[in-house]
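The sequence and structure come first.

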Amino acid sequence: MARLLLPIDDSPTPISRSSIGFVDRLAAHRDRVAIIDEHGRPWTFTDLDREVDAMATRLGPRRLTLIRMRNDVDSVIAELGALRAGHAVVLAAPGGPSERIADVHDPDVVVDGRNIHEIRSATTHELHPDLALLLSTSGSTGSPKLVRLSHRNLDANAAAIAEYLELAPTDRAITTLPLHYCFGLSVLHSHLAAGAGLAMTSASVVDPCFWDTVDSTRPTVLPAVPHTVELLDRVDFLHRRLPHLRAVIQAGGRLDPATVRRYGRAGAEDGWDLFVMYGQTEATARMAYLPPALAIDRSDAVGVAVPGGSFRIEPLRDRPDGCGEVVYSGPNVMMGYAETAGDLARGHDHAFLRTGDIGRIAEDGLLEIVGRHSDFVKLFGLRVDLGQVRSHVVNSGVDAVVDGDDDGVTVAVRDGSDPVSVASDVAKTFALPRAAVAAANVSDIPLLSSGKPDRAALRAQVRSPIDAAAETDVRSVIAAAIGVGAIGDADTFVSLGGDSLSYIEVSIALEGALGHLPDHWHLRTIAELEATNGVDATAIPRVESNVVLRAVAIVLIVGNHAGAFLVPGGAHVLFAAAGFNFGRFRAGPSAQWRSIARIAVPSMLWIGGAAAFRDDFDLAHGLLVHGLVDGTGRWMYWFIEALVVVLVALAALLSVPAVRSLEQRAPFGFACGVLALTSLTRFDVVSIGPAHHSVYRPQEIAWLFALGWAMARAGSAPRLALLSLVAGVGVSGYFGDLTRETIVLGGLVLLAWVPRIAIPRPLHRVVGTVASASLFIYLSHVQVFPEFDEAWIAVIASVGFGVALWRVSTPLLTAAERLVSQMQLSRR
């Protein structure tokens with residue numbers, strides 16, 4: 001593959017139009033596809049060049065222009081058009097960050113998509129002729145301290161990246177990162193410079209929509225920061241078949257060596273390269289990269305300087321080990337900083353860049369980073385200046401010690417101020433995830449022998465308290481239900497490990513806090529959920545139908561067993577609803593096994609305990625395999641057993657890479673295939689186990705689970721209509737009881753066609769609580785209802801005891817799960 005090194009214009013002379021090579025040469029690539037936009041529409045380089053030129057004309061003479069940058073084609077046209085027009089361009093995230101930057105630097109023009117807001121027709125600023133772009137030093141944290149980049153910086157950076165990645169016109173990257181972030185922007189610039197393309201999306205890598213975009217656009221380059229890699233692991237990325245993928249490029253923070261080796265080996269096996277990269281906004285983006293061939297043997301190094309750059313190590317007195325501060329030189333080193341609008345006139349303040357990192361150059365010539373010398377931390381790939389955080393807290397009138405590391409910012413409050421308010425204020429001011437800021441009241445600051453604060457001990461002290469009543473916001477609700485720590489803006493309920501067991505509790509709590517939850521909320525980012533309108537006290541909550549079905553079904557089950565009424569079929573509706581939720585929460589194998597354990601472990605513990613006092617239970621009951629070997633399969637816990645058996649079978653099947661790849665490519669077709677196979681036992685075409693028909697054995701009711709799964713994956717009315725017909729055929733005559741068949745079919749139709757049901761507000765939380773506790777109600781009701789003579793009292797007592805058991809058991813099981821995870825991590 002040809003290696004590219006694009007020409008750079010070194011001229012510092014004033015310009016009225018762009019002197020950035022890759023911006024001016026868009027038309028040279030003609031009819032190649034430059035961008036596939038967020039709607040799936042392809043834009044050729046000719047299309048893009050025409051729109052960029054039109055935007056440049058609309059923007060007029062050189063001014064200071066702020067662009068609210070999103071991951072869409074309109075933002076790309078605005079940025080390239082402003083650069084082509086010779087403007088000094090400020091990129092910022094939409095919302096609060098852009099407003100804080102605007103307050104300090106006073107732009108002449110603000111561009112949001114295709115909308116241009118002209119504050120003044122001629123600039124009032126003195127703009128240095130070389131100044132092309134200004135980026136926040138903290139990525140998307142909206143710091144008013146900006147990095148000043150020249151036309152030469154942008155060209156040099158794009159050319160260097162295109163060269164060492166060996167980008168070609170056949171390449172295409174997908175936008176996994178924000179374009180206002182220097183790494184995301186460098187992906188855009190370097191690919192356009194090489195005549196390569198981009199696929200635009202704002203979806204997270206854990207969102208099925210992201211992988212739909214991957215399937216339709218076939219990107220060859222996948223950018224990632226360490227947090228992206230964590231999310232990729234959650235969706236079992238390394239087992240996906242992506243024959244079009246050529247490179248995974250990682251920057252934005254240190255990736256631990258074990259992960260580098262793991263991804264390096266996977267890439268070598270699957271035919272793609274892993275590029276681990278090192279950079280800073282002050283170097284436009286990239287300073288070093290690790291050649292893919294060294295990813296396994298030198299996973300602890302950051303690599304060699306990018307083309308045109310070089311490193312030297314400046315000795316430090318307190319480092320006798322030969323390490324020193326890493327100093328970088330190259331044509332991509334920034335002009336300098338802009339902390340006020342007056343700095344926009346400054347020229348080139350830096351001939352080289354002191355990175356603030358401690359490192360050494362090893363004997364093989366590779367740069368190794370061993371620590372951090374400056375007062376910055378990296379959170380979710382973003383650099384945060386702790387000095388600015390300290391100044392803000394002090395200026396807010398709070399007496400506190402501010403510190404931090406790559407796990408988050410800590411604020412030790414010393415004057416009795418409310419730590420929750422302080423942490424929320426810091427997170428909001430610096431546009432950080434709320435969970436990335438920890439605050440606590442601290443009476444005594446731990447000190448070192450030198451008399452200086454013991455920063456490590458102080459961080460641990462601040463992070464140790466857990467205030468369960470601190471907040472009821474989106475992040476705290478999800479964190480409490482799932483048992484996770486830091487939650488980022490780009491996280492989703494599914495990406496954080498949420499499943500059907502925690503889904504109901506979270507949805508009810510969030511709807512109570514927010515007033516309304518959008519459709520598919522579990523796939524929406526935390527930032528999107530936080531932007532949801534507040535509670536409307538007059539509105540009747542609309543609860544998802546599968547939540548209502550779960551609550552009603554468990555009450556029907558208990559009532560039938562206790563003799564309060566005879567309304568059969570609730571358990572079979574619940575079984576189909578379990579399949580529906582399986583279809584919505586499909587994740588990687590590890591997440592599937594974790595969800596199975598959350599059902600099987602408490603069930604085995606409870607049933608095993610009950611077996612000690614009952615003669616009619618044996619080992620098969622305790623192991624949840626009674627229905628596989630018994631002729632009838634009918635016993636009080638048949639539902640739990642059938643659910644676990646089906647889930648285990650599917651998890652094992654989907655652990656096979658080829659099978660999992662097939663399911664990912666055709667999710668609806670795959671679910672229908674499973675439905676077809678399981679229907680063979682429904683219609684007695686195939687018999688598994690004892691030759692006796694039963695509607696309680698897992699092998700004979702698996703078709704109901706598959707039917708619910710297919711309904712969740714249908715995605716269109718014609719498909720749902722077909723599945724409703726299948727449901728009617730499957731249920732008809734299946735139970736030999738018209739009442740049961742009517743109830744089951746009605747539940748299936750409701751599940752398919754009615755997404756939400758209006759519930760009076762007083763019953764809202766009751767329904768959610770009963771649905772969330774349904775597993776524990778089912779487990780315990782067998783022991784509770786026989787103790788009461790009055791049937792209705794038995795039902796109420798069984799439900800109440802199950803809810804109490806759920807509330808007591810959930811935190812214990814979550815703690816046990818964390819302990820197991822920590823033990824596994826320690827062994828690794």
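## Glu368 and its partner

Glu368 has a relative accessibility of 10% and counts as buried because the limit for that class is under 20%. The model is a predicted one. The side chain of Glu368 meets that of Arg298 in a salt bridge, with 2.9 Å from N to O. This pair links distant parts of the chain: Glu368 lies in strand β20, Arg298 lies in the loop between β14 and β15, and 70 residues separate them.

Arg298 also counts as buried, at 12% relative accessibility. What else does Arg298 form a salt bridge with? The partner is Asp364, and the closest N and O atoms of this pair are 2.7 Å apart. Here too the link is between distant parts of the chain, 66 residues apart. Arg298 is in the loop between β14 (286–290) and β15 (304–305), while Asp364 is in the loop between β19 (353–361) and β20 (367–372). Asp364 is partly exposed, with a relative accessible area of 45%.

Which residues are linked with Arg298 in a network of salt bridges? The network holds Arg298, Asp300, Arg360, Asp364 and Glu368. In general, side chains of opposite charge can pair when their charged atoms come close. A search of the whole structure finds 25 salt bridges.

## A pair within one helix

Asp47 and Arg50 form another salt bridge, with a distance of 3.1 Å between the closest N and O atoms. Both residues belong to helix α2 (residues 45–59), and because they are three residues apart there, about one helical turn separates them.

Is Asp47 buried or exposed? Asp47 has 18% relative accessibility, so it counts as buried, the limit being under 20%. Arg50 is partly exposed, with a relative accessible area of 46%.

## Nonpolar cores

The largest nonpolar core contains 84 residues. Within this core, Phe575, Phe639, Phe705, Met711 and Leu748 touch the most other members. Helix α21 (residues 638–654) gives the most to the core, eleven residues. Another core lies apart from it and has 73 residues, including Val23, Val52, Met55 and Ile161.

Which residues does Leu748 touch, leaving aside those up to four places away in sequence? The contacts of Leu748 are Ala576, Leu704, Leu707, Met711, Ala727 and Val731.

A nonpolar surface patch covers about 840 Å². Its residues are Leu677, Leu680, Phe683, Val685, Val686, Ile688, Leu722, Leu725 and Val729. Two elements give two or more residues to the patch, α23 (667–682) and α25 (717–731). The largest share, three residues, comes from α25.

Leu725 is placed in helix α25.

## Cysteines

How many disulfides does a search of the whole structure find? The search finds zero disulfides. As for individual cysteines, Cys209 is partly exposed, with a relative accessible area of 45%. Cys672 is partly exposed as well, with a relative accessible area of 24%.

Arg218 is not a glycine, yet its phi is positive, at about 50 degrees. The residue sits in the loop between α7 (208–217) and β11 (221–224). Arg218 has 46% relative accessibility and counts as partly exposed.

Thr284 likewise has a positive phi, about 70 degrees, although it is not a glycine. Where is Thr284 placed? Thr284 is in the loop between β13 (273–279) and β14. At 5% relative accessibility, Thr284 counts as buried, whereas Arg218 is partly exposed.

How values were computed. Residues numbered from 1 in each chain as written. Predicted model: local features only at pLDDT ≥ 70, side-chain atom pairs only at ≥ 80, totals over all residues. Heavy atoms only, no water. Core = buried A, V, L, I, M, F, W, Y, C linked by side-chain atoms within 4.5 Å. Buried < 20%, exposed > 50% of the residue type's maximum accessible area, 1.4 Å probe, protein only. Helix = DSSP H or I, 4+ residues; strand = E, 2+ residues; numbered from the N terminus. Contact = heavy atoms within 4.5 Å. Patch = residues over 30% accessible without salt bridge, like charges linked within 9 Å, V, L, I, M, F, W, Y side chains within 5 Å. Areas by Shrake-Rupley, 256 points an atom, 1.4 Å probe, with all protein chains shown as cover. Salt bridge = Lys/Arg side-chain N within 4 Å of Asp/Glu carboxyl O. Disulfide = S-S within 2.5 Å.
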